[in-house]
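I opened the model today to look up its metal sites and kept these notes as I went.

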Amino acid sequence: MSNQTFAEKLKKYADVVIQVGLNLQPGQKLVIRASGAIEDTAPVVRAMTKSAYQAGARFVDVLWADEPLSVIRLENAPDDSFSEGPDYLYQGLEAHVANGDASLSILASNPDALTGQDQQKMAQIRKTQSQKLEGYGSYISGMKVNWCGVGAASPGWAAKVFPELSPDVAVSKLWDAIFKFTRLDLDDPVQAWKDHVAKLVERKNYLTRKQYAALHLTGPGTDLTVGLAKNHIFMGGSVNTPDGVSFVPNMPTEEVFTTPDAHQVNGIVSASLPLNFNGMVLENLKFTFKDGVITEFSADSGAEMFAKILDMDPGARRLGEIALVPNNSPISQSGTLFYNTLYDENASNHLAIGRAYATAVEGGVEMNAEEKEAAGINHSLIHIDFMIGSDKMDVNGITADGSIEPVMRAGEWAV
Ligand code: ZN
Ligand code: ZN
């Protein structure tokens, strides 16, 4: 792939994302959300847009976010104004997915863009966005339309990942990593994706059939039992919309995941990678769970900010996801911390606090709030993944009758 120009590689990337990730249907409309700085995301947004029209899109709408504008607002807008936002835009986004339009997120954020900004204001912005986008979010987490999240290298992000390199070299190295994890270095990336997704589907179906009552995870600083929701479904690889359009929600993706029973989580767990969140990096994050609730937590940095997140709503202190990723995944093997959940979560076993995927429980999407609560399907405005896996982690499946079966040994699949 090295003898191709960047424009050629970008076109290949866009085609794989549009054709396999989104599986955009002829005649479908598409909304693209770009995060980062406009000058960094613009070439990628244009490549994706072109590929979408070539695949038969009727209309591509682009909603730009711009980090420098966010900083200007945080530093200059009135203190009491951060619960306000562009309502027409939130409504428009929901209208798109309600209409059955596909949704593509391009993630190019600089992990340090908001470093040093007022935590209170940022928490307020986040809460407002989460509330206003709840309708949109329910279409996305309910897998009602085809959607996909992908990365785009930017100078700020690349400098964080490769601080020892010059800016140009860092950006090109980050792009190379993104292209490689998207399997563009292989002769036929589309076929390679189909094969990869088929393997993930086989794995998730096996685990779903097993219906373990709980998973028990052990590793350095971790001894945690995670009860699984009754009739849980392991997800991973591809997902089908109610209309039967098969899409891959994240590129790259290496995980199989399901919904824990938010009342049945007990023990201690330590993050194996720093958690990058809202421009803060939390080092050495540790949680204690009792009957599903985080009763204690600590971090070497960012603990004060994180405490506010945990108090956002009752579900923020409970688990919403457990995901298994073998240590031999390409992202893990790169040995690089990407400061971006899309990449880091596909390097390692992880958990998420906050909102659970109702789709990962049989009949979950049709349940009302009370039934979800009873089934242990957690509800929250947040969903924050943190990495816990390593080559030292073992995972056991505990069956309903209490017998124990190996699922992972030393970070690799044992099944
Ligand atoms: Zn995940
Ligand atoms: Zn997650």
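Which residues coordinate the zinc ion (ligand 1)? In this predicted model, I find Glu 255 (OE), Glu 321 (OE), Glu 345 (OE) and His 350 (NE2) around the zinc ion (ligand 1), at 2.0 to 2.4 Å.

I then looked up the geometry, and the angles among the 4 donor atoms of the zinc ion (ligand 1) run from 75 to 145°, which leaves the site irregular. Along the sequence, I noted the spacing of these donor residues as E-x65-E-x23-E-x4-H. Glu 255 sits in the loop between β9 (246–247) and β10 (256–258) while His 350 belongs to strand β17 (residues 350–354), so this pair ties together parts that are 95 residues apart in sequence. I checked the accessibility of Glu 255 and His 350 as well, and both are buried.

Which residue bridges the zinc ion (ligand 2) and the zinc ion (ligand 1)? I find that Glu 321 does, with the two ions 3.5 Å apart. Glu 321 in strand β16 (residues 319–324) and Asp 385 in strand β18 (residues 383–387) form a pair that links distant parts of the chain, 64 residues apart.

Terms used
Residues numbered from 1 in each chain as written. Chains lettered and ligands numbered in written order. Predicted model: local features only at pLDDT ≥ 70, side-chain atom pairs only at ≥ 80, totals over all residues. Heavy atoms only, no water. Donors = N, O, S within 2.8 Å, 3.2 Å for Na, K, Ca; no water. Tetrahedral: all angles 85-135°; square planar, octahedral: opposite > 155°, others 65-115°. Helix = DSSP H or I, 4+ residues; strand = E, 2+ residues; numbered from the N terminus. Buried < 20%, exposed > 50% of the residue type's maximum accessible area, 1.4 Å probe, protein only.
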